[in-house]
Amino acid sequence: MSVLAADAHVAAVRAWWRVRRPGAPLSKRLDTAYMVAITTGILGALLYGTASQALGSVLTPGTVREWGPAVALVGLVAVARWGTWQGPVVFAAPDVPFLLGAPLRRSVLAARPFARGLAAGAGAAAVVAGVAIVGLAGEGRGIDAGRAVGLVAGVALLGVLGVAGAGRVQCSARWARAIGLALPASLALGAGLVAVASASATGRRVVLWSGPWGWALQPVSGATAASLLALALLAGVTALAVAVAARGFEHCPTERHAVRAEARSGAMASAWGLDARTARLSLRRAAGPARRRPARGLRAPRHPELAIPWRDATSALRAPQRTLGSAALAGGAAAVAIAAAHRPAAAAVAALGSYVAASTLLEPLRVEIDRPSASRVLLRRPFGRILLGHVAVPIAVMAAGAAVAGIGLAVAGALPARGGALAFTAIAIGPAIVLCAALSSRRGGRVPVSVLAMGSAGDPSGGGIVVAWLLAWPVGAVVLGAVPLIYVARGTSLSSALIFAFAVTLAAPFALGTVLAGSEA
């Protein structure tokens, strides 16, 4: 069948569908757009002043040039990794056998969903750029209109590039494996970019020209010619990536579309039931079976108390992407904590990054919670002590990542004042953060009916209670991780600050470990 005939068939199918299932009338669409616009305008006007004051001290031209390329790089790879589980083109489960089994060009069928995905990526990235502009213009600095437009355009193009990468990953198992390795590499490279950009003005210029993640932020530098050249390069790379991704949908296997459609259906059903764990497992199946490597050199321990750490270490070796990615994230968070702990926002972000790394490493604990009957049959220890045994390997991995970050900053000569004390503190806060993540994972990713009932008793929506229940342990990890770092970095006396920090890092794990050990199946 010729290309023109196939395209005509797709147009005929779409025309028939518009007749059988007409969309919402124009008046309803305009009403929806009006409601979104007026709500955004009202909330934006109310929150602009607060956001400008809060972000003005954090998002400055200097911090954007130093930290922006690293954040943009990690965000770009993270968006592309989204194609491992879903991607920009996901058909409904019933449509997969009928549409993809018909004599219709798949690239044409995927064109409109792909275009919507690209538009959504550009819009979300433009919103992020708008928030950055609010911070850059804060504290009376202001920002030139040309620079603001250039920043929005650059970040929007970067969002389009990320969605194009997700489309390519969605259609290729080889690209999916490559992006799995690229994510931990991007975290390590991001930490290197921060170190280089923080070293000198020349380093900042090199980082801004190091790739698309730097080109998108060139307008912040203020050089008009350089900004236009960087945006032109970014537009060219993005157009090439979009063309390659669009062409790839023509040969995307039906199986990859089918598993993503089924995964989305299962995830949506679980999300409506407030079951995040099952939704996550549904999406994970779309990635296919993990390629695990046989663990060698780990002999079974003789002491029964070491059985669970040994099993977790074996699991870590068999899933190197998860282990290396979490270690890289923990190292990057520690580097941020050491280099910028005097800024409360940076310390909080570092603690949150460590929490995410710890939560990722605790997958064996979540598997234990999914099947508590196996522990009761195979192990004679109390269930709480079994869960407590699962925190040993994550603590060791995070401590190793933080130590490597501290050594790297020392070798690069980027340690700030009190850098050694901050490095030891970044390692010491690890156990408390891991235990907060373990206590959150202990809940199984499901909102209990009692929490919903308690929330609806005082609030018909139940939103406040549920949100507080969901954020309790992440917020606790941020507080327990950020406060010691800030106190060591900004305390008047280093000795008293270290005493306070290590008191917190010793007392908090003891209390949290006691709570975890008392868990019941």
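## Close-up views of a predicted model

R311 counts as partly exposed, at 38% relative accessibility. Here, buried means under 20% relative accessible area, exposed means over 50%, and partly exposed lies in between (1.4 Å probe, protein chains only). You are looking at a predicted model, in which local features need pLDDT of at least 70 and side-chain atom pairs count only at pLDDT 80 or more, while totals for chains, interfaces and linings use all residues. Residues are numbered from 1 along each chain as its sequence is written, and side-chain values use heavy atoms, with hydrogens and water left out.

**View A. R311 and E368 form a salt bridge.** The closest N and O atoms of E368 and R311 are 2.3 Å apart. This pair links distant parts of the chain, with E368 in helix 16 (residues 363–370) and R311 in helix 13 (residues 307–318), 57 residues apart. Helices (H or I, at least four residues) and strands (E, at least two) are DSSP runs, numbered from the N terminus. E368 is buried, at 7% relative accessible area. A salt bridge is a side-chain nitrogen of Lys or Arg within 4 Å of a carboxyl oxygen of Asp or Glu, and by this rule the count comes to 4 salt bridges.

**View B. H390 lies in the loop between helix 18 (383–389) and helix 19 (392–412).** The side chains of H390 and D312 are joined by a polar contact of 2.8 Å. A polar contact is a pair of N or O atoms within 3.5 Å; within protein, one must be able to donate a hydrogen and the other to accept it, and residues adjacent in sequence count only if both atoms are side-chain atoms. H390 counts as buried, with a relative accessibility of 2%.

**View C. R204 pairs with E66 in a salt bridge.** Their closest N and O atoms are 3.8 Å apart. Here too, distant parts of the chain are linked: R204 sits in helix 8 (residues 201–208) and E66 in helix 3 (residues 61–81), 138 residues apart. R204 is partly exposed, at 22% relative accessibility.

**View D. Helix 7 (residues 173–199) packs against helix 8 at about 140°.** The axes of helix 7 and helix 8 are 5 Å apart. Axes are lines fitted to C-alpha atoms, for helices over the stretch in contact, and angles run from 0 to 180 degrees between N-to-C directions. L193, V196 and A197 of helix 7 make the contact with G203, R204 and V207 of helix 8. Helix 7 and helix 8 are therefore oblique to each other: angles under 35 degrees count as roughly parallel, over 145 as roughly antiparallel, 65 to 115 as roughly perpendicular and the rest as oblique.

**View E. R105 and E250 form a salt bridge.** Look for closest N and O atoms 3.7 Å apart. R105 is in the loop between helix 4 (95–99) and helix 5 (106–136), and E250 is in the loop between helix 10 (224–248) and helix 11 (254–272), so the pair ties together parts that are 145 residues apart in sequence. R105 is partly exposed, with a relative accessible area of 24%, and E250 is partly exposed as well, at 26%.

**View F. Helix 6 (residues 145–171) and helix 11 cross at roughly 110°.** Their axes come within 9 Å. Helix 6 and helix 11 are therefore roughly perpendicular to each other. V169, Q170 and C171 in helix 6 meet R256, H257 and R260 in helix 11.

**View G. T238 is found in helix 10.** T238 is buried, with a relative accessible area of 3%. The side chain of T238 reaches the backbone oxygen of L234 at 2.7 Å. Leaving aside neighbours within four places in sequence, T238 is in contact with L157, V160 and L161.

**View H. Helix 20 (residues 419–428) is mostly covered.** Of its 10 residues, 7 are buried. These are G419, A421, L422, A423, T425, A426 and A428.

Definitions and conventions: Contact means heavy atoms within 4.5 Å.
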